[in-house]
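I'm opening a page for some helices I want to look up.

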Amino acid sequence: MKITEARVILSSPGRNFATLKITTDTGLTGLGDATLNGREKAVVAYLEEHVIPWLLGQDAERIEHVWQSLYKGAYWRRGPVTMTAIAAVDMALWDIKAKQAGLPLYQLLGGASRTGVTVYGHANGKSIDDCLSEVENYVAMGYQAVRLQCAIPGLDKAYGVAKGKLYYEPAERGLPPMETWSTPEYLDFIPELFAQARKQFGPHLKLLHDVHHRLTPQEAAALGKSLEPFRLGWLEDPTPADNPESFRLIRQHTTTPIATGEVLNHLQDFRVLVSEQLIDYVRTSVQRCGGLTHMRQIALFADAFQVRTGCHGATDLSPVTMGVALHFGLWVPNFGLQEYMRHNEETDAMFPHAYTFADGMLHPGEAPGHGVELDESMASEYPYQAASLPVAQLRDGTAWSW
Ligand code: GCO
Ligand code: MG
């Protein structure tokens, strides 16, 4: 089955998405997600200039061969742009293979290991009360796990709090917005948020929190310790994950479960984190790490060390990624939890999908392929708008991790 056409479709139904559409000589088509938030056009250029010319004429059935050729053939290895571009191709080819077989993708992976994919919602608030009432809304919708992000008294902005409740989106049009960060205020405040949440919601609701890379290992260890009485489901990205050895210090001091790796994109990035059991959940996603082909490898490696999946699923991962992630999550033996930051109505309408939500779980559905399509005429009505993620500074102007 030869690849006859491959195109990137940019759209912005409230936020930007880059979607790769691959067509074959059988008429079967497949979709992959190529969105890299705030750096979309770098991936589009990588695909259009360097990947698509080679892809045309390749055999769509040889997914592994295409993956290895794109990865090894670039000579330059890893990195978010390369791995997102490869992921888009990989997702589209798995979509085609499953459509060719007439099966939902999870059946090709080995079938369902569970009845559904448990997801967590993103509750955010301007105060503790505001945040807890958002948690209540998620519980009312059936969620069994909720991540709590709250404004910090004394700071103008904090990750995860803003514009819209259900549809949180950090990127803003134009140049990057600036946020001020201060660790002492944050460390003083967060334990109180979780003390109140645990008291209000009892022992069983899974409560999560994203530090968003802002602490030093020592500060992260201290935070993990102070949160132990409230038994979090996980503490996410407590310190930047690009120095995996720094998680040793966190691990030595706290039993709070740790999730990391949404910005990582290769098995080698996780080798120390996983093999030394420094983390409990791997956060990378099918979209960030070269697609299903490589995500499988990372997940099965993690399984050998009792580390589970906790895949990234923010709004910048399009419904195409969500579709593939759900087939993966339904199959993968060491599934942990899947993030589900809901898309806005326009996005859901633009990407008609087979996945459905019930009782705190998503199910990928039974449509052949990954079950997500793109309404191209609608996409053409929502053109790409340049947008950037915020950048953070300390009060004295020092650049900080956002
Ligand atoms: C999360 C993430 C996101 C990122 C976003 C950046 O855990 O959901 O941290 O919200 O900030 O994906 O594009
Ligand atoms: Mg995160």
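Helices here are DSSP runs of H or I with at least four residues, and strands are E runs of at least two, both numbered from the N terminus. This is a predicted model, where local features need pLDDT of at least 70, side-chain atom pairs count only at pLDDT 80 or more, and totals for chains, interfaces and linings use all residues. Residues are numbered from 1 along each chain as its sequence is written, and chains are lettered from A and ligands numbered from 1 in the order in which they are written.

Entry on helix 5. I looked up what comes after helix 5, and found Gly142, with a positive phi near 105°. Helix 5 covers residues 128-141. Which of its residues are buried (20 or more other C-beta atoms within 10 Å of their own, C-beta atoms being placed from the backbone)? I got Ile128, Cys131, Glu134, Val135 and Tyr138.

Next I checked what the buried residues of helix 5 pack against: strand 4 (117-125), strand 5 (145-150) and helix 6 (183-201). Contact means C-beta atoms, placed from the backbone, within 7 Å.

Entry on helices 9 and 10. Leu267, Phe270 and Val274 in helix 9 meet His294, Gln297, Ile298, Phe301 and Ala302 in helix 10.

Definitions and conventions:
Contact = placed C-beta atoms within 7 Å. Expected span 1.5 Å × (residues − 1). Buried ≥ 20, exposed ≤ 12 C-beta atoms within 10 Å, placed from the backbone.
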